[in-house]
Amino acid sequence: MNISSVANKKKRIAKQVVLDAIVCDALAKSFIFKIKGHSGFFSCTRCEAQGVYKCNRLCFPAIDEKEENRTHESFISKMQEKHHLANTEMSILINLPNVNIINVFCLDYMHLCCLGVTKKLLKLWLFLKSKGPKNVRITSIKLNEINLKYSKSKHVLPLISLGNLGV
Ligand SMILES: [Zn+2]
């Protein structure tokens, strides 16, 4: 090894990094973004629709034409003040070059689908707490069949606990 090769190793090398996505759950996203939590009326990170309470839960019904999509620029300018936490500075992530802060964050599959829609469907099918219509309920005979099949294949499936459904 000669002196010039040692010098080359110490050279700073600039690499271009492309940030495709930031993946985190809704709670972490609101913490990082410094915005209202996912149960807030103006919590949608993709549009400026106001949520409404229906059946004891916050919903974002069909998006109205007049609702604006949230954009990088509208986020930075805090156009919808109620979306942001009060008396906080803007997230430092807005300083990332060439990053659209709205599109870089993935939607939270766990809270939106698994703990939202899927949990509700399971409660309706299994007639837990909120009794669903009779035509969608799973009979106890069918439920026993499902449990039996699940028991036989549980060594290859993740553990499911009905306790997590709030039962
Ligand atoms: Zn929305």
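Reader: Where is S91 found?

Author: Keep in mind that this is a predicted model. S91 lies in the loop between α3 (72-76) and α4 (109-125).

Reader: Which residues does S91 touch?

Author: Leaving out residues up to four places away in sequence, S91 touches I32, F33 and K34.

Reader: Where is K34, then?

Author: K34 sits in the loop between α2 (26-33) and β1 (52-54). K34 has 15 C-beta neighbours inside 10 Å and therefore counts as partly exposed. The backbone of K34 also deserves a look: its phi is near 60 degrees, a positive value in a residue other than glycine.

Reader: What is phi at N87?

Author: N87 is not a glycine, but has a positive phi of about 55 degrees. N87 belongs to the loop between α3 and α4. N87 is exposed because there are 5 other C-beta atoms within 10 Å.

Reader: Where does α4 bend?

Author: The bend in α4 is at K119 and comes to about 30 degrees.

Reader: How should I read the length of a helix, taking α5 as the case?

Author: Start with the general idea. An α-helix has 3.6 residues a turn, so residues three or four places apart point the same way. Now the case: α5 covers residues 140-153, which is 14 residues, and reaches 20 Å from its first C-alpha to its last. That is close to the 20 Å expected at 1.5 Å a residue.

Reader: How many residues of α5 are buried?

Author: The count is zero among its 14 residues, and α5 is hardly covered. In the protein, buried residues make up 7% of the 167 residues.

Reader: What pattern does the protein follow along the sequence?

Author: The pattern is α-α-β-β-α-α-α, with five helices and two strands. For contacts, look at how far apart the partners are in sequence. Of the contacts with a separation of 6 or more, 50% join residues 24 or more positions apart.

Reader: Which element has the lowest mean pLDDT?

Author: Helix α1 (residues 3-10) has the lowest, at 61, while α3 has the highest, at 95. The mean for the protein is 83, and 84% of its residues reach 70 or more.

Key
Residues are numbered from 1 along each chain as its sequence is written. This is a predicted model: local features need pLDDT of at least 70, side-chain atom pairs count only at pLDDT 80 or more; totals for chains, interfaces and linings use all residues. Helices (H or I, at least four residues) and strands (E, at least two) are DSSP runs, numbered from the N terminus. The expected span of a helix is 1.5 Å times one less than its number of residues. A residue is buried if 20 or more other C-beta atoms lie within 10 Å of its own, exposed if 12 or fewer, and partly exposed in between; C-beta atoms are placed from the backbone. Two residues are in contact if their C-beta atoms, placed from the backbone, lie within 7 Å. pLDDT is the predictor's confidence in each residue, from 0 to 100. The bend at a residue is the angle between axes fitted to the seven residues ending there and the seven starting there.
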